[in-house]
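Me: I would like to learn how to read a helix packing and a pocket. Please take them one at a time.

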Number of protein chains: 2
Amino acid sequence: MVDYLIGVDGGGSGTRALVQSSAGPFVGSGEAGPSALGQGIAKAWRNIELAIRSAFDQGSLALPPWNRCALAAGLSGVTHAPLRDAFLAADPGFARLDAETDSFTMLIGAHGGKPGVILIAGTGSIAEALHADGSRATVGGWGFPVGDEGSGAWLGLQAVRHGQAAMDGRANPSPLARRVWMHCGDERQALQAWCAAAGQFEFAQLARAVFDTEAQDPHAAMLLQRAVEAIEDLALAVDPRGRLPLAASGSIAERLAPRMRPAWRGRLVPPKENAVAGALTLIRQAQAREPEEAV
Amino acid sequence: MVDYLIGVDGGGSGTRALVQSSAGPFVGSGEAGPSALGQGIAKAWRNIELAIRSAFDQGSLALPPWNRCALAAGLSGVTHAPLRDAFLAADPGFARLDAETDSFTMLIGAHGGKPGVILIAGTGSIAEALHADGSRATVGGWGFPVGDEGSGAWLGLQAVRHGQAAMDGRANPSPLARRVWMHCGDERQALQAWCAAAGQFEFAQLARAVFDTEAQDPHAAMLLQRAVEAIEDLALAVDPRGRLPLAASGSIAERLAPRMRPAWRGRLVPPKENAVAGALTLIRQAQAREPEEAV
């Protein structure tokens, strides 16, 4: 007997939970520290439980036994099968437990559980689709440094590459190049040391420099155009027939989506709800299917 | 009083030493383990001393006191100033000690100490020039993953990016894509895990796949063309007037140099000598200048 439905959105910076009674009314929402699986399964579960506890507190309800709760969580790190398995194995006893990617719960939230596409570009980039026949597709999301074309880290990588080339005479010392030097180091030794130490996050910081210099720097404008093409490629591959509504999410996708070609722009819709609401929708749908499945 | 001139070439896989008497005759050559500065200064010195000792052994000479020897070493890691300083500070007492980049000793070797350009593309890529007025220029060599365009690791990165795109429908499952899948993993989970674990060396292993599939795969051919353009850019930036002889070194540069545009191809010369001979030439030149400098 499931009394409560719980949606969780967990990533590297924090965890959110949203709780609804099976009978309908919302109970409350709560937050806690990070629950990205890569940071440790025990830590993930601890913060998920804290966020849920806080949601019940908000609704002035005592925490029920886990076996009266069904949980869907969209978690960063779920695509890594060993982490996902370890997370599921540490289930403290939920009546139902679904672990999904955070991009899938964003998709479900964006379109209220209906078919659609989500195009995410922030530090990384990925597109997911839920098709009318229930099938799913995921494109991109391959990670730094090789993939995630069109993302913030990708834009930053291209910007720094341009700063390097300008420093040694293979490109003009354009406004973007000068911004890179200002940020990373304006002589070879310093720029090289910055590059050796920088990871995905540090490169993503340079994405802003590309947008900021676009008006004065044709190279920056070209990089943004390539980023637009990269996210168009993601959207096309995830929904080749181009019939689904398209929601953009993440700092880069939100800025680039309006620049896509008319065919794409015409399908753009604002996300209906966020990832944690998407997780709640997921578990609600799963519970609603339960009787059918039991037949 | 310097009795012996010593050239050393040291990198991540080994160290070579070449010893010549100040009076002219060669003494011998020797080898030892790695002396890339990044692997530790004490280890670098230990292997340099071992290689020198082995060169004197080969010449059936007793090892002289270090203060009767002048040493020039071309060492991987010298561009990192703290490592270079620590290496020089640990000088066991040579009459003269010069620490240079391994690319510079390759340049000196390639052109016998005369003005010229060396274009190196193996795992990474860099170009160096010694101009007629004695000035030097270095271009590229920025490292993985952001720089080193046209190198083996760069080609591998592009190849894997293509394999990713083909796997999720953004590119054709071409012969190159299939080679990438065969090498790295033929499903998303496996390919993603490979990418997450791979570094410069692992990506460089894929360069061969690009050459191997060139004839059947337009994408592979395009990547090689872009690599050619990248090394042309290096050569142009290091010698903008294009007057110096050009030597190519490294597995990738050797294959790509003959594909450069006629203006570059016409300046190609085979490297005269290797890096350790270049280091010896350097110290010989330095000692020859000594009396002038003392005046």
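Predicted model: local features only at pLDDT ≥ 70, side-chain atom pairs only at ≥ 80, totals over all residues.

Reply: Residues are numbered from 1 along each chain as its sequence is written, chains are lettered from A and ligands numbered from 1 in the order written, and side-chain values use heavy atoms, without hydrogens and water.

Me: At what angle do the axes of H4(B) and H9(B) cross?

Reply: Two packed helices are described by the angle and the distance between their axes. Here helix H4 (residues 152-167) and helix H9 (residues 218-238) of chain B cross at roughly 150°, their axes coming within 11 Å. That makes H4(B) roughly antiparallel to H9(B) (an angle over 145 degrees).

Me: Which residues of H4(B) and H9(B) make the contact?

Reply: Contact means heavy atoms within 4.5 Å. H4(B) contributes B:Trp154, B:Leu155, B:Gln158, B:Ala159 and B:His162, while H9(B) contributes B:His219, B:Leu223, B:Leu224, B:Arg226 and B:Ala227.

Me: How much space lies in the second largest pocket?

Reply: About 1400 Å³, taken as the space filled by probe spheres set on the grid points. Its lining has 47 residues, and the closest to the pocket centre are A:Ser76, A:Gly77, A:Thr79, A:Asp102 and A:Gly141. Lining residues have an atom within 4 Å of a point on a 1 Å grid; a pocket is an open set of points where a 1.4 Å probe fits, with protein on both sides within 12 Å along at least five of seven lines.

Me: Which element gives the most to this lining?

Reply: H6(B), with six residues.

Note on methods. Axes fitted to C-alpha atoms, helices over the stretch in contact; angles between N-to-C directions. Helix = DSSP H or I, 4+ residues; strand = E, 2+ residues; numbered from the N terminus. Parallel < 35°, antiparallel > 145°, perpendicular 65-115°, else oblique.
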